[in-house]
Amino acid sequence: MTSFDAPTVIRTKRDGGVLSDDAIDWVIDAYTYDRVADAQMSALLMAIFLRGMTTAEIARWTAAMVASGDKLDFSDLRRGGRPLALVDKHSTGGVGDKITIPLVPVIMACGGAVPQAAGRGLGHTGGTLDKLEAIPGFTAEITKAQIRQQLCDLGAAIFAAGELAPADRKIYALRDVTGTTESLPLIASSVMSKKIAEGTRALVLDCKVGSGAFLATEAESRELARTMVDLGTEHGLLTRALLTDMNTPLGRTVGNAVEVVESLEVLSGGGPDDVVELTLALAREMLDAAGVDGVDPAQTLQDGSAMDRFRALVAAQGGDAGTLSAEALPTGAHSETVTATRGGTMGDIDAMAVGLAVWRLGAGRSEPGARVQSGAGMRVHRRPGEPVAAGEPLFTLYTDTPQRFPAALAELDGAWSVDDEPPATRPLIIDRIT
Ligand code: URA
């Protein structure tokens with residue numbers, strides 16, 4: 001391989017040039033094996049953030065991240081003599097986006113098999129692993145042998161990417177603390193490298209649109225969805241995307257344990273309408289992509305079969321299924337409530353502001369590898385369009401470290417309103433990209 005050096009690669013991108021295939025392969029490999037320093041990769045990520053990448057650069061960057069680690073293969077696995085209906089879902093990141101937690105057991109109960117490499121919180125958005133680790137004992141650090149066993153016996157495994165796309169693990173953590181998250185090439189390559197490596201056969205992407213999404217406009221989110229669907233297809237993965245609204249938080253909870261509690265409500269046949277609607281829309285896409293027909297995912301929420309699967313999944317990954325209740329899961333030791341100063345109708349609630357407030361409460365990280373607070377989070381008592389009486393609670397904030405409240409409350413300033421008229425309604429599912 002031609003020899004490269006980090007300063008030259010950084011300058012090429014900084015000055016708006018196109019990185020050659022060899023330069024991309026070199027820098028991803030060198031960073032994975034610590035021959036490029038965090039400071040140098042941070043500079044390159046910022047240059048990519050500012051200058052963007054061509055379609056060919058994104059494809060090569062993604063392929064190099066896939067090649068940085070192992071690729072799982074479950075094509076030999078059988079259940080009842082038939083190959084597993086392998087299918088996964090990944091979200092580009094939202095606020096209150098707990099959908100994976102009810103969705104995976106729904107797919108299990110319908111006969112699909114989900115090999116899910118999941119992530120931790122990124123920027124103002126929460127991560128599935130941080131949420132599930134709020135369940136005492138739950139671990140996502142499971143071996144390949146255990147993933148295979150769970151897929152055959154239970155129909156799912158939710159695991160830290162580990163040796164899959166290790167370049168992404170390092171770059172993801174660095175982006176989280178260097179202000180380089182909101183970049184189309186970096187999001188597309190991050191999501192797709194893990195998903196290509198994890199061994200699923202089909203993939204449904206939940207591509208967020210709106211104030212709480214990483215990309216600011218619907219046009220950019222569409223382009224992100226198109227880019228990811230094309231990347232998946234080039235790698236032989238049946239890939240589809242739903243564009244979904246992320247202007248306001250999903251459901252009534254944002255944080256770690258609080259989102260698990262709300263997911264349990266959905267798995268018990270209740271829960272907020274938007275969480276149920278999105279769970280079922282993604283489930284239908286996944287089952288269709290996996291070729292599973294003749295089953296009704298909504299039924300699995302009503303008859304308890306999805307809840308049974310969730311309990312079995314939690315137990316298989318070391319979690320104490322006895323703690324799956326609002327009373328037993330952790331809640332921040334301190335709380336603050338924001339109340340309505342007037343009556344009326346709840347207006348729009350800005351998802352980005354809520355995401356940042358919850359991050360400030362301790363649900364996310366400001367340093368790589370930092371511990372998050374399982375009990376940090378927020379309850380949204382009144383959703384947009386709901387009636388509000390003067391003096392009633394609108395938001396309750398939780399944390400173990402009360403000195404965090406002022407900054408969190410400041411994020412909420414101007415992020416919501418109580419009005420005379422209800423806000424304009426928006427569809428949750430905006431479009432489908434295949
Ligand atoms: N999810 C990922 O895995 N990576 C991103 O960059 C954003 C969401």
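Which residue forms a salt bridge with D97, and how far apart are the closest N and O atoms? The legends below take up this pair after a note on the model.

This is a predicted model, in which local features need pLDDT of at least 70 and side-chain atom pairs count only at pLDDT 80 or more, while totals for chains, interfaces and linings use all residues. Residues are numbered from 1 along each chain as its sequence is written, and side-chain values use heavy atoms, with hydrogens and water left out.

**View 1. The salt bridge of K208 and D97.** K208 is the partner of D97, with the closest N and O atoms 3.6 Å apart; a salt bridge here is a side-chain nitrogen of Lys or Arg within 4 Å of a carboxyl oxygen of Asp or Glu. The pair links distant parts of the chain, 111 residues apart, since K208 belongs to strand β6 (residues 202-209) and D97 to the loop between β3 (87-91) and α5 (100-110). Helices (DSSP runs of H or I, at least four residues) and strands (runs of E, at least two) are numbered from the N terminus. By the salt-bridge rule the count comes to 33.

**View 2. Domain 1 against domain 2.** The domain assignment, which is automatic or from a database, gives domain 1 (6-52), domain 2 (78-323) and domain 3 (334-419). Between domain 1 and domain 2, whose C-alpha centres lie 29 Å apart, 12 residues of the former are in contact with 13 of the latter, contact meaning heavy atoms within 4.5 Å. The area buried between these two domains is about 1,100 Å², of which carbon and sulfur atoms give 76%; this is the accessible area (1.4 Å probe) that two parts lose on being put together, summed over both. In domain 1, Y31, L45 and F49 lose the most area to domain 2, together 49% of what that side buries.

**View 3. The salt bridge across the interface.** Across the interface of domain 1 and domain 2 the rule finds one salt bridge. The side chains of K170 and D34 meet in a salt bridge at 2.5 Å, N to O. On the side of domain 1 that touches domain 2, α2 (21-32) and α3 (38-51) each supply at least two residues, and α3 gives the largest share, seven residues.

**View 4. Residues around the ligand.** The residues around the ligand (a heavy atom within 4 Å) include L122, Y172 and I187. An oxygen atom of the ligand is 3.1 Å from an N or O atom in the side chain of H90, a polar side-chain atom of R175 lies 2.8 Å from a ligand oxygen, and for the side chain of K194 the corresponding distance is 2.6 Å.

Note on methods. A polar contact is a pair of N or O atoms within 3.5 Å; within protein, one must be able to donate a hydrogen and the other to accept it, and residues adjacent in sequence count only if both atoms are side-chain atoms.
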